[in-house]
Amino acid sequence: MSSTRNAVIVVPIVRHAPRPGPTATRHRPCRSPRGPGRGPGRGPGRGPGHGTVPGVVGAVWQARSVVASQGTPTSATTRSTPDGPRRRRAKPPATPLARTRRARSITAQLTVGYPDAHCELDFTTPLELGVATILSAQCTDVRVNQTTPALFARYRSAADYAGARREELEELIRPTGFYRNKTTSIIGLGQALVERFDGVLPHTLEELVTLPGFGRKTANVVLGNAFGVPGITVDTHLQRLTRRWGLTEAQDPVKIELELNAMLPPREWTMFSHRVIFHGRRVCAARKPACGACFLASSCPSFGDGPTDPAVAAALVTGEERDHLLALVGLDGDGAPVGMVGG
Ligand code: SF4
C-alpha cells in the first residue's frame, strides 16, 4: 500500500476555456469542491485541482476522462443548504448508453484511485473465504480478521465444521455478532459440503447458492476471489454508491448486479466491486460522504450530499490510501491545496 500512498498521478491538463462558436454555449461550469467561479484561468487563489501544479496532482479535475464525463447529462436537481447547493438523489442517465458510459468512466477513475484494491478478508483457501464471508455479515472485516486465525487453526476442513461442537464454535465466533445463526450456517455448510460435494466448495454460482449461509453475495465473493470467476458483489456499499452515481434505481441486489453486469465487461466485475467497496469505506460514507475531497466529484451527480469544503471533506477521508486519494484532488493531508505558490 505504501507505493499507492506515494504515487504521483500524471494526467493531461485540459483547459476549461470555452471553445469559440456554438460549442461554447455547451460549456458546463466547473463543479470542483471549491465551487463555481474558482476554476482555472482565474489566477492565483484558485482551489485545489485546478492546474496549479501542472501535469501533477490536482489536475485530476481536468483529466480528459473527467472532463469527458462532465458532458454526461444528469437528472439531479438542487436545493440550497448552509453548505451550499445540495443535490437531491441522483437519477440514472436517460439512456442505457449514457449510463454505461458513466459506469465505465467511473470504473476507470476508480482504477486510478484504488489500483491495489482487494478482498479485505484474510483467507488461504476457498473454504476459509466462504466461512469468513459468512462471519462478515453485520460485522466489520477487521473484526472478522481478528476472529478467524483461531477459528481456522481449530477447523481445517469441511468435515471439521460438520462435526463441530456447537458451543465451542459459538464461543470462537461470538465477537462477530449473531453467532448462533452463524454457527448454524457454518455447521450446515460443512455438512452440505461433505454430503454433496466431497468436502470441496463447488465452482459455480448455481451450486454455491444452495449451500447454507451462501447467498448470491457470498457466492460471488468466493467465485471472484478464490476461483477467479468474475462476479459483482452487491453489498451495502455497492448499493449505496451505484445509486448515488445514478447507475441504478433498483433496490433489489440481484437486479443491481444484473444491471451492472450489462454495463461493464466481465473482466472488470470483481475489481469494480472491490474498488467501490474501498471508496465507500474511505471516501463516500453513508452519512457524510467526503464530496469536497472526492476524485469522482466531477462525474458524480450526487456531489454535495456531503461537505463540499475541501478541508472539512478531507478530514472525513480515511484509510492507508488517504494521502494518495487527497493528492488526486490536489490536497495535502490537512486538506490544503498542494503546490500553491504564495498561498
Ligand atoms: S463522496 Fe460525494 S462526490 Fe464522491 S462519490 Fe460520494 S457522493 Fe459522489
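Predicted model: local features only at pLDDT ≥ 70, side-chain atom pairs only at ≥ 80, totals over all residues.

Residues are numbered from 1 along each chain as its sequence is written.

**Make-up.** I found 15 helices and two strands in the protein chain, where helices (H or I, at least four residues) and strands (E, at least two) are DSSP runs numbered from the N terminus. Buried residues make up 44% of the 343 residues; buried means 20 or more other C-beta atoms within 10 Å of a residue's own, exposed means 12 or fewer, and partly exposed lies in between.

**Cores.** I counted as a nonpolar core a set of buried Ala, Val, Leu, Ile, Met, Phe, Trp, Tyr and Cys residues joined through C-beta atoms within 7 Å. The largest has 41 residues, of which Ala290, Ala293, Cys294, Ala314, Val317 and Leu326 touch the most other members. Elements giving it two or more residues are α3 (96-113), α11 (236-244), α12 (253-263), α13 (266-282), α14 (310-314) and α15 (322-328), and the largest share, five residues, comes from α13. Leaving out residues up to four places away in sequence, I listed Val283, Gly306, Ala313, Ala314, Leu316 and Val317 as touching Ala290. Apart from this core lies another, of 28 residues, including Ala158, Ile186, Leu193 and Leu201.

**Helix pair.** I then looked up helix α4 (residues 126-135) and helix α8 (residues 179-196), which pack at an angle of about 160 degrees with their axes 10 Å apart; axes are lines fitted to C-alpha atoms, for helices over the stretch in contact, and angles run from 0 to 180 degrees between N-to-C directions. The two are therefore roughly antiparallel, a label for angles over 145 degrees. Gly130, Val131, Ile134 and Leu135 in α4 meet Lys182, Ser185, Ile186 and Leu189 in α8.

**Beyond α4.** I found Ala137 in the loop between α4 and α5 (141-154), and it counts as partly exposed because it has 18 C-beta neighbours inside 10 Å. The C-alpha atoms of Ala137 and Lys182 are separated by 8.9 Å, although these residues are 45 residues apart along the chain.

Definitions and conventions:
Contact = placed C-beta atoms within 7 Å. Parallel < 35°, antiparallel > 145°, perpendicular 65-115°, else oblique.
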